[in-house]
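We will go from stop to stop, selecting a few residues at a time.

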Amino acid sequence: MLAQLREDFCADVLSQLCDQWRHRRSVVLRWSLAWYMQRGIESLPAALRDLPPLESQT
């Protein structure tokens, strides 16, 4: 599962970067949480379980 997570992250995120390779930890964790949710995986790593809820930007 972690190998697939790494490959998907590289394809979705790293391939979109130009000159900068900087992302905040929160961006990576949110992407990871979405990855788990899209696959229906309920057993989350602790770092993902402890994320605060997203707030609306409206």
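Select Trp35 and Tyr36. Trp35 is buried, and Tyr36 is buried too; buried means under 20% relative accessible area, exposed over 50%, and partly exposed in between (1.4 Å probe, protein chains only). Their rings form an edge-to-face aromatic pair, 5.3 Å centre to centre with 80 degrees between the planes. The rule here: rings of Phe, Tyr and Trp (its six-membered ring) pair if their centres lie within 6.5 Å, and planes under 30 degrees apart count as stacked, over 60 as edge-to-face and the rest as tilted.

A note on what you are viewing. This is a predicted model, in which local features need pLDDT of at least 70 and side-chain atom pairs count only at pLDDT 80 or more, while totals for chains, interfaces and linings use all residues. Residues are numbered from 1 along each chain as its sequence is written, and side-chain values use heavy atoms, with hydrogens and water left out.

**The whole chain**

Zoom out and switch to cartoon. The chain has three helices and zero strands, in the order α-α-α from the N terminus. Helices (H or I, at least four residues) and strands (E, at least two) are DSSP runs, numbered from the N terminus. Of the 58 residues, 22% are buried.

Phe9 sits in helix H1 and Trp31 in helix H2, 22 residues apart, so the pair links distant parts of the chain. Phe9 and Trp31 are both buried.

**The nonpolar core**

Now select Leu5, Phe9, Val13, Leu29, Trp31, Leu33, Trp35, Tyr36, Leu44, Leu48 and Leu51. These 11 residues make up the largest nonpolar core. Such a core is a set of buried Ala, Val, Leu, Ile, Met, Phe, Trp, Tyr and Cys residues joined through side-chain atoms within 4.5 Å. Helix H1 (2-12) and helix H2 (25-38) each give two or more residues to this core. The largest share, five residues, is from H2.

Which residues does Leu5 contact, leaving aside neighbours within four places in sequence? They are Trp31, Trp35 and Tyr36. Contact means heavy atoms within 4.5 Å.

**Along H2**

Color H2 by itself. Its 14 residues should span 20 Å at 1.5 Å a residue, and its end C-alpha atoms are 20 Å apart, which agrees. The expected span is 1.5 Å times one less than the number of residues. The buried residues of H2 are Leu29, Trp31, Ser32, Leu33, Trp35 and Tyr36. They pack against H1 and H3. Step past the end of H2 to Gly40, which has a positive phi, near 70 degrees.

Select Leu33, found in helix H2. Leu33 is buried, with a relative accessible area of 15%. Setting aside neighbours within four places in sequence, Leu33 contacts Leu44, Leu48 and Leu51.

Move on to Leu48, in helix H3. Leu48 is buried at 6% relative accessible area. Draw two C-alpha distances from here. Leu48 to Leu33 is 6.0 Å, for residues 15 apart along the chain. Leu48 to Leu29 is 6.4 Å, for residues 19 apart in sequence. Not counting residues up to four places away in sequence, Leu48 touches Leu29, Ser32, Leu33 and Tyr36.

**Last stop: the salt bridge**

Show side chains for Asp8 and Arg39. They meet in a salt bridge, 2.7 Å from N to O. Asp8 is in helix H1 and Arg39 is in the loop between H2 and helix H3 (46-49), so the pair ties together parts 31 residues apart in sequence. A salt bridge is a side-chain nitrogen of Lys or Arg within 4 Å of a carboxyl oxygen of Asp or Glu. The structure holds one.

Arg39 is partly exposed, at 38%.
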